[in-house]
Amino acid sequence: MIFSGGGTQGKNKKIVLLAAGFFLMFGYSNVSYLLPIYYANVGFTPAQSGLLVSAFYFATLIFRLLLGNVLVRNGFKRLFFIGGISTVAASVWIVLAGSSFCSAFAARFLLGVGTAFSQISLATYQSLAFEERERGLAFSLIMAGGLAPMMTIVPIADWLLAHGCFTLYIIIPVLLTSAMAFLTVFVLNTEDVVLDSSHAAVNPLRGIGDCLKIPELSLALFSMFLFSLTDAASAFMASMTSSYGLMASYFLSSNAVIGVLVRLFLGKVLDRYPRRRLSVPIIAGMSLMLLFASICPSRGSLMLLGVVFGVGMGFGFPLHLALVSDNAPLRLQPQAIALTWFLVAFDFALVPLTTSYISGFTDPVTGFRAVIVFILAGAAYEAYLWRKLA
């Protein structure tokens, strides 16, 4: 059984603390997009650098799926403590690993494990700390923190690498993981949400199976899969844009700015309209922006398309987090949240592998478009399924 509550002032404080938590977590995660530059300076080959970057995502992929049941049995604070210790130790280990590939790989994997513990705990608490009628605005404000690192920390890290400050760059995750551990273990109060361990499944996969038996929840998870697939496609569009001699940052920077503004000032929209009716138009619209970016690329068009994409990104992520929570019974919220973040990690591992495989037979542009066409087909199928459930 799961109990939740809290006053208005407490909710405002929770929003600020959760937004800070996601800012710090996505901060050290997003900074890793630039690791190949750092690892090239260390002496690793591009293939080794790719494996080191992927190690983080595969670790989160493995552990996210099972942590919903672990959370119910052990509680928020214990998982936050494990996540905090693991991520801080891993980020320090990455600094000290130097040119040892095995050591660097183990450190990146440990960072992914620790992040999974912290992320599932933070996301589950977020889901349970707010009532359904207020989730849209609350989640929008909170996830503005998750998008903000692309506007702040990542450009700073990019500047440091461009100016040869490799040591300062690799210390950034140490600072962010330390701040994240302090916030979640010592500052964030999770006592207003109580998880009853007697309701945890003996088999960790049983709760996940129960989630998938609920048609509305399964469809909400499918929608999250399509949305995060779109997000991942945008994050790994550099190969496509470089084929035209352009930088993906034209698209990504405008996307991040608009996305944050939408989440800060228009979050109430997600509480005024049925969320299931918004999911398909957002996914389809964002996918079309990516498709157009591959068809008519230029500096100006990438920035303009990024602006429109940012509107979808601003609404889409908090909407889908709320949509999953709306359709999951209280007893299955931890498992549903674990499934949600598992799908996100799966997409971010899947897209670079898929696009690179297809590009090996064709070219980066075709590989990129193949993923987008799949998403558009999936959005059409999702619309059909929602209509059947209506």
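Reader: Why is C102 called exposed?

Author: In this predicted model, C102 has a relative accessibility of 62%. The word exposed is used for values over 50%, so C102 counts as exposed.

Reader: What makes C296 partly exposed?

Author: The relative accessible area of C296 is 41%. Exposed needs over 50% and buried needs under 20%. C296 lies in between, so it is called partly exposed.

Reader: How many disulfides does the structure have?

Author: The count is 0. A disulfide is a covalent bond between the sulfur atoms of two cysteines. The rule asks for a pair of cysteine sulfur atoms within 2.5 Å, and by this rule the count comes to 0.

Reader: What makes K14 and D192 a salt bridge?

Author: The closest N and O atoms of K14 and D192 are 2.5 Å apart. The rule asks for a Lys or Arg side-chain nitrogen within 4 Å of a carboxyl oxygen of Asp or Glu, so the pair is a salt bridge. The pair links distant parts of the chain, 178 residues apart: K14 is in helix 1 (residues 8–31), and D192 is in the loop between helix 9 (166–187) and strand 2 (194–195).

Reader: Are K14 and D192 buried or partly exposed?

Author: K14 has 8% relative accessibility and counts as buried, because the limit for that word is under 20%. D192, with a relative accessible area of 22%, is partly exposed.

Reader: How many salt bridges are there in the structure?

Author: There are 2. One of them joins D326 to R275, with the closest N and O atoms 2.6 Å apart. R275 has a relative accessible area of 9%, so it is buried.

Reader: Why is Y125 called buried?

Author: Y125 has 0% relative accessibility. Buried means under 20%, so Y125 counts as buried. Y125 sits in helix 6 (residues 101–128). Leaving out residues up to four places away in sequence, Y125 touches several residues, among them K14 and D192.

Reader: Which residues does Q119 touch, and what makes Q119 buried?

Author: Q119 is found in helix 6. Not counting residues up to four places away in sequence, Q119 touches M25, F26, R64 and W341. The relative accessible area of Q119 is 3%, which means that Q119 is buried.

Reader: Which residues have the most contacts inside the largest nonpolar core?

Author: They are Y169, M237, F317 and W341, in a core of 124 residues. Beyond residues up to four places away in sequence, F317 touches F26, M143, M224, F227, R263, W341 and V344.

Reader: What makes M151 partly exposed, and where is M151 placed?

Author: M151 has 35% relative accessibility, so it counts as partly exposed. Its place is the loop between helix 7 (135–147) and helix 8 (153–162). Patch members need over 30% relative accessible area. M151 forms a nonpolar surface patch with V257, L261, L264, F265 and L266, and together they have about 540 Å² of accessible area.

Reader: Why is Y381 not called exposed?

Author: At 47% relative accessibility, Y381 counts as partly exposed, because exposed means over 50%. Y381 is in helix 18 (residues 364–389). The C-alpha atoms of Y381 and V280 are separated by 9.5 Å, while the two residues are 101 residues apart along the chain.

Key: Residues are numbered from 1 along each chain as its sequence is written. This is a predicted model: local features need pLDDT of at least 70, side-chain atom pairs count only at pLDDT 80 or more; totals for chains, interfaces and linings use all residues. Side-chain values use heavy atoms; hydrogens and water are left out. Patches are made of residues with over 30% relative accessible area and no salt bridge: like charges are joined within 9 Å, nonpolar side chains (Val, Leu, Ile, Met, Phe, Trp, Tyr) within 5 Å. Accessible areas come from the Shrake-Rupley method with a 1.4 Å probe; for residues, only the protein chains shown count as cover. Helices (H or I, at least four residues) and strands (E, at least two) are DSSP runs, numbered from the N terminus. Buried means under 20% relative accessible area, exposed over 50%, partly exposed in between (1.4 Å probe, protein chains only). Contact means heavy atoms within 4.5 Å. A nonpolar core is a set of buried Ala, Val, Leu, Ile, Met, Phe, Trp, Tyr and Cys residues joined through side-chain atoms within 4.5 Å.
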